[in-house]
Amino acid sequence: MNLNRYRRQILVKELGEKGQYTLSEKHVVVIGGGGLGSNSADILVRTGIGSIDIIDNDLLDLTNLHRTSLFNEEDIGKSKCQILEEKLQQVNSEVVVRGIKKRITKENIESAVKHADIILDGTDNMETRFLINEVAVKSNIPWIYAGVHTTVGMVMGIIPRQTPCLKCISHSIANNKTDEIPVMGNLPVTIASIQCTEAAKILLGKQLSGLIMYDIWKQRFEQINVKKNPECTCCGKERFELL
Amino acid sequence: MKIKIRLFGRYRGITRKKELELVINGDTIWHVVNVLAKQHPAIEKDKKFIMVSKNNIYTTFDEKIEEGDTVTISPPVVSGG
């Protein structure tokens with residue numbers, strides 16, 4: 001590893017040289033390569049994560065460009081994960097970057113994440129998020145939920161059996177996967193940045209910040225300290241109904 | 001009975017408060033949500049999807065509450081990417 005590349009962030013005491021080496025040994029799986037996933041992958045590759053898999057089955061669409069940073073008009077119609085692999089490998093050749101073109105399902109998710117030190121949520125629907133939640137709890141892999149809607153984003157780092165899981169906090173949520181979700185263009189990169197900070201904290205063994213809510217229009221940042229729900233069917237009762 | 005309510009996200013804007021107290025004729029969180037939605041009709045449309053906690057543990061609407069409990073009302077988890 002060329003430490004000179006990371007000289008300025010190694011000066012940050014929360015990370016340091018030891019933390020930089022730790023990150024360089026970690027493998028991250030990012031599920032989804034759109035607004036959240038592509039920005040989080042970009043941040044992690046520049047931060048110096050060891051290796052990263054970006055899983056997405058979609059082709060780039062014109063409507064993706066307002067909330068992403070790495071994609072150009074000339075990329076429209078190409079596979080998102082393949083564009084990300086090519087571009088991010090050019091950003092940092094020391095990181096092993098793999099774009100994997102597939103749709104995550106209950107049949108393939110366990111094999112997709114089995115080597116992950118952490119999973120990052122870059123999906124656009126609750127169905128897949130609950131699937132990630134179950135596989136993460138079952139396989140004891142930390143993951144970071146993130147979501148965006150209009151001007152509001154949410155992030156929560158989840159360490160199975162230590163912190164609340166997604167099912168602990170959300171019993172009755174609207175699954176609007178068929179709707180076109182309104183999103184302020186600069187929100188996903190902001191929420192991705194918060195998501196990656198929580199990911200770094202988990203990988204470095206630091207304290208998480210609970211459920212984070214940020215409204216980019218009102219510039220209102222809130223943290224909610226949540227506790228595990230002992231009655232949670234997923235992390236409490238360990239019933240994995242989606243897998 | 002009197003229940004202490006802590007509000008997050010847009011519910012702070014709707015009620016213009018971070019915390020308030022409600023008098024509830026009922027013994028579940030669903031009663032709390034309904035009283036709040038009646039006082040603030042803007043909450044009505046997404047009341048089924050609100051995230052609720054009792055004493056910092058996120059839970060379901062049918063959770064029993066007692067005098068002195070604190071109920072947290074947060075916006076639904078957002079799902080876009």
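H3(A) passes H8(A) in a right-handed crossing (right-handed if the near helix is turned clockwise from the far one by less than a right angle, left-handed if anticlockwise). The model is predicted, with local features requiring pLDDT of at least 70 and side-chain atom pairs counting only at pLDDT 80 or more, while totals for chains, interfaces and linings use all residues. Residues are numbered from 1 along each chain as its sequence is written, and chains are lettered from A and ligands numbered from 1 in the order in which they are written. Helices (H or I, at least four residues) and strands (E, at least two) are DSSP runs numbered from the N terminus.

The axes of H3(A) and H8(A) (residues 187–203) are 8 Å apart, at an angle of about 50°; axes are lines fitted to C-alpha atoms, for helices over the stretch in contact, and angles run from 0 to 180 degrees between N-to-C directions. H3(A) is therefore oblique to H8(A) (under 35 degrees counts as roughly parallel, over 145 as roughly antiparallel, 65 to 115 as roughly perpendicular and the rest as oblique). Residues of H3(A) in this contact include A:Leu36, A:Ile43 and A:Leu44, and those of H8(A) include A:Val189, A:Ile191 and A:Cys196; two residues are in contact if their C-beta atoms, placed from the backbone, lie within 7 Å. By class, the contact of H3(A) with H8(A) has eight nonpolar, six polar and no charged residues (Ala, Val, Leu, Ile, Met, Phe, Trp, Tyr, Cys and Pro are nonpolar, Asp, Glu, Lys and Arg charged, and the others, Gly among them, polar).

H3(A) (residues 35–47) also packs against H4(A) (residues 80–91), where the axes come within 9 Å and cross at roughly 25°. These two helices are therefore roughly parallel to each other, and the crossing is right-handed. A:Ser38, A:Ala41, A:Asp42, A:Val45 and A:Arg46 of H3(A) meet A:Leu84, A:Leu88 and A:Val91 of H4(A). Five of these residues are nonpolar, one is polar and two are charged.

Chain B has two helices and five strands, in the order β-α-β-α-β-β-β from the N terminus. Along its principal axes the C-alpha trace of chain B spans about 40 × 25 × 20 Å.

The contact between the chains takes 20 residues from chain B and 34 residues from chain A. On the chain B side, E3(B) (51–54), E4(B) (57–59) and E5(B) (70–74) each give two or more residues. E4(B) gives the most, with three residues. This side of chain B divides into nine nonpolar, 10 polar and one charged.
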